[in-house]
Amino acid sequence: MSRPAPVIRSAVLALAAVAAPIMIAAAQSSADSGWTLKRTPWGHPDLTGTFSSDDMRGVPLQRPEEFGTRAYLTDEEFAEREARNNAEVARLAAGGTAFLSERGVRTFRQTSLIVDPPNGRMPPLTPEGEAIRAAQRPRGDDAPPPESWLDLTLYDRCITRGVVGSVLPVIYGNGLEIYQTPDAVVIRYEMIHETRIIHLDGRPHVDKEVQSYMGDPIGYWDGDTLVVETTNFVGKTGIGLNGNGVPTTPEIRLTERFTRVAEDQIDYEVTVDDPGLYTAPFTIAMPLTTQPDYRVLPYECHEGNHALANILSAARAEEAAAAAEE
């Protein structure tokens, strides 16, 4: 499916040799640099700015089993990852494609994005979850041709990637912008151009019958950390890259935490609690960082675009050709 290519991040390419080893717990390095937390005129921690998860590209969502419960790379493993990252940035500096030029400039030690449970992997599915997975339409080269647009994912249809899918690092479009008012925090995601308004005025969640793909987020401050509890989901988006994976259920509840730890970094974590799908909650954590010269660009993708028509017409053409050969 065709998607608009973002601009090349020229300043990222220029920083090929300066990728720095910053762990997610960056408070010490921030203190060493003399950084102090800025606050809004009304006293809240200042989270505003443009951030992305580009620095975490290459870190798997689920921890490879050989790492066991080890959450961080050894010095040797970290040096190898840093060398690969630097080599990739240098390669792009010599001439890469627009898609692949969206690379991070820092290297982190996490062995996986999932940090809890201790093995860094998703908990087993419930019996209901296993049934949902079994009912999923196959994807990949062996998948049957789509009968209609409903056989394509919500991401393919340019509808949504869900809350978690909107922040997990993928090939491009990992940017987000954060704005603040005294009573709300607003997050605008680059890909699928979705915007969340997180109310801070103490209001309750809307009636449980009112559901949406991105849910109903309510926030509050826990010290200097913004905590966001989101309910009222339709479900249907998975906890995976671009919202793929086993579709969640309307029972899902997300608890996010945003903590500014440096001028160029917010530590982000989200706990996924979907008792209809998973046998236990689990937590994903990663740094959201600023990237040199990064701008959140218009994402000109909408439901019913030419890609959908072309996919479906091609499927019908393939079926007609196969029938003619019989």
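**Reading the contacts in a predicted model**

Trainee: What makes R109 count as sitting over the ring of F78?

Mentor: In this predicted model, the charged end of R109 lies 4.3 Å from the centre of the F78 ring. The cut-off is 6 Å, with a limit of 35 degrees from the ring normal as well.

Trainee: Why is the pair Y278 and F282 called edge-to-face?

Mentor: The search of the whole structure finds two aromatic pairs. In the pair Y278 and F282, the ring centres are 5.0 Å apart and the planes stand at 80°. Centres within 6.5 Å make a pair, and planes over 60 degrees apart make it edge-to-face, so this pair has that name.

Trainee: Are Y278 and F282 buried or exposed?

Mentor: Y278 and F282 are both buried, meaning under 20% relative accessible area.

Trainee: How do you know that C158 and C301 form a disulfide?

Mentor: Their sulfur atoms are 1.6 Å apart, and the cut-off is 2.5 Å, so the pair qualifies. The search of the whole structure finds one disulfide.

Trainee: What makes this a link between distant parts of the chain?

Mentor: C158 and C301 are 143 residues apart. C158 is in the loop between helix 4 (127–135) and helix 5 (162–165), while C301 is in the loop between strand 12 (282–289) and helix 6 (306–325). Both cysteines, C158 and C301, are buried.

Trainee: How many helices and strands does the protein chain have?

Mentor: The protein chain has six helices and 12 strands. Of its 326 residues, 48% are buried.

Technical notes
Residues numbered from 1 in each chain as written. Predicted model: local features only at pLDDT ≥ 70, side-chain atom pairs only at ≥ 80, totals over all residues. Heavy atoms only, no water. Phe/Tyr/Trp six-rings, centres within 6.5 Å; stacked < 30°, edge-to-face > 60°. Buried < 20%, exposed > 50% of the residue type's maximum accessible area, 1.4 Å probe, protein only. Helix = DSSP H or I, 4+ residues; strand = E, 2+ residues; numbered from the N terminus.
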